[in-house]
Amino acid sequence: MKVTGLKKMIGLPIIIDGKNSGNVLRGVLSSDGRSLRGIVMRGGLKGARWLPREQISLVGQFSVIAGGKPRRLPRDSDYRLFRVSDPEGARLGIVTDALLHEETLRVAALEISAGPLDDLFDGRWFATSFSVRPAGDTGHVTIPNQIEGRAQS
């Protein structure tokens, strides 16, 4: 199963009903951090528009395939995951990216940075088990104590 990152989606062309309709500005996750909620896009002379998950067929390496008509941006289209801590509240880092399954648009893992020096020496790591507590425009991520497979990116 192929995955792609939210960061890699930025700038991809969006093909709606067979026609190039704009480019990805950013992907927005659901409030629980488990799936793609939609895409903020820009195309032509219009301002930023919203493409909800239901209209997205595939997020590939070179383009996003969708159908239907883009909508007005929802109020909470700036939502993102940010702070990461353990169950006791100790800060572990911040979310720097989310890896999505290209077809299901579900989150496979979150990329976590513990800070610039840790990134340099140890690399970033991925969390596949997590919970999210929404707090306004950001979500606070909690990682269980058992951090298995702390992989470098």
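# A tour of salt bridges, a pocket and a patch

Select Glu111 and Arg124: a salt bridge joins the two, with 3.5 Å between the closest N and O atoms. Glu111 sits in strand β10, residues 107-113. Arg124 sits in the loop between α2 and β11 (125-127). The two residues are 13 apart in the chain, and the pair links distant parts of it. Keep in mind that this is a predicted model.

Now colour both residues by accessibility. Glu111 has a relative accessibility of 11%, so Glu111 counts as buried, because buried means under 20%. Arg124 reaches 25% and is partly exposed. Salt bridges with shared partners join Glu111, Asp119 and Arg124 into one network.

**Other salt bridges**

How many salt bridges does a search of the whole structure find? The count is 4. Side chains of opposite charge can pair when their charged atoms come close.

Select Asp78 and Arg26 next. Their closest N and O atoms are 2.8 Å apart, in a salt bridge. Asp78 lies in the loop between β7 (64-66) and β8, while Arg26 belongs to strand β3, so this pair ties together parts 52 residues apart in sequence. Asp78 is partly exposed, at 44% relative accessible area. Arg26 is also partly exposed, at 28%.

Move on to Arg37 and Asp76. Here the side chains meet in a salt bridge of 2.9 Å, N to O. Which parts of the chain does the pair link? Arg37 is in strand β4 (residues 36-42), and Asp76 is in the loop between β7 and β8. They are 39 residues apart. Arg37 has a relative accessible area of 26%, which makes Arg37 partly exposed. Asp76, at 36%, counts as partly exposed too.

**The largest pocket**

Rolling a probe the size of a water molecule over the atoms shows where empty space is left. The largest pocket has a volume of about 330 Å³. To find its centre, select Leu6, Gly27, Arg80, Leu81 and Thr96, which lie nearest to it among the 18 lining residues.

Now show the elements around the pocket. Those that give two or more residues to its lining are α1 (6-9), β3 (19-29), β8 (80-85) and β9 (91-101). Which element gives the most? Select β9: this strand supplies 5 residues of the lining.

Colour the lining by residue type. There are 10 nonpolar residues, 3 polar and 5 charged.

**A patch on the surface**

Switch to a surface view and select Leu117, Leu120 and Phe121. These three make a nonpolar surface patch of about 400 Å². Focus on Leu117, which is placed in helix α2, residues 116-122. Is Leu117 buried or exposed? Leu117 counts as exposed, with 59% relative accessibility, because exposed means over 50%.

**Last stop: Thr104**

Select Thr104, in the loop between β9 and β10. Thr104 is partly exposed, at 35% relative accessibility. The line spans 19 Å. In sequence, Thr104 and Ala127 are 23 residues apart.

Conventions:
Residues are numbered from 1 along each chain as its sequence is written. This is a predicted model: local features need pLDDT of at least 70, side-chain atom pairs count only at pLDDT 80 or more; totals for chains, interfaces and linings use all residues. Side-chain values use heavy atoms; hydrogens and water are left out. On a 1 Å grid over the protein atoms alone, a cavity is a set of points where a 1.4 Å probe fits but cannot get out, and a pocket is an open set with protein on both sides within 12 Å along at least five of seven lines; lining residues have an atom within 4 Å of a point. Grid points are joined across faces, edges and corners, and a volume is the space filled by probe spheres set on the points. Helices (H or I, at least four residues) and strands (E, at least two) are DSSP runs, numbered from the N terminus. Ala, Val, Leu, Ile, Met, Phe, Trp, Tyr, Cys and Pro count as nonpolar, Asp, Glu, Lys and Arg as charged, and the others, Gly among them, as polar. Patches are made of residues with over 30% relative accessible area and no salt bridge: like charges are joined within 9 Å, nonpolar side chains (Val, Leu, Ile, Met, Phe, Trp, Tyr) within 5 Å. Accessible areas come from the Shrake-Rupley method with a 1.4 Å probe; for residues, only the protein chains shown count as cover. Buried means under 20% relative accessible area, exposed over 50%, partly exposed in between (1.4 Å probe, protein chains only).
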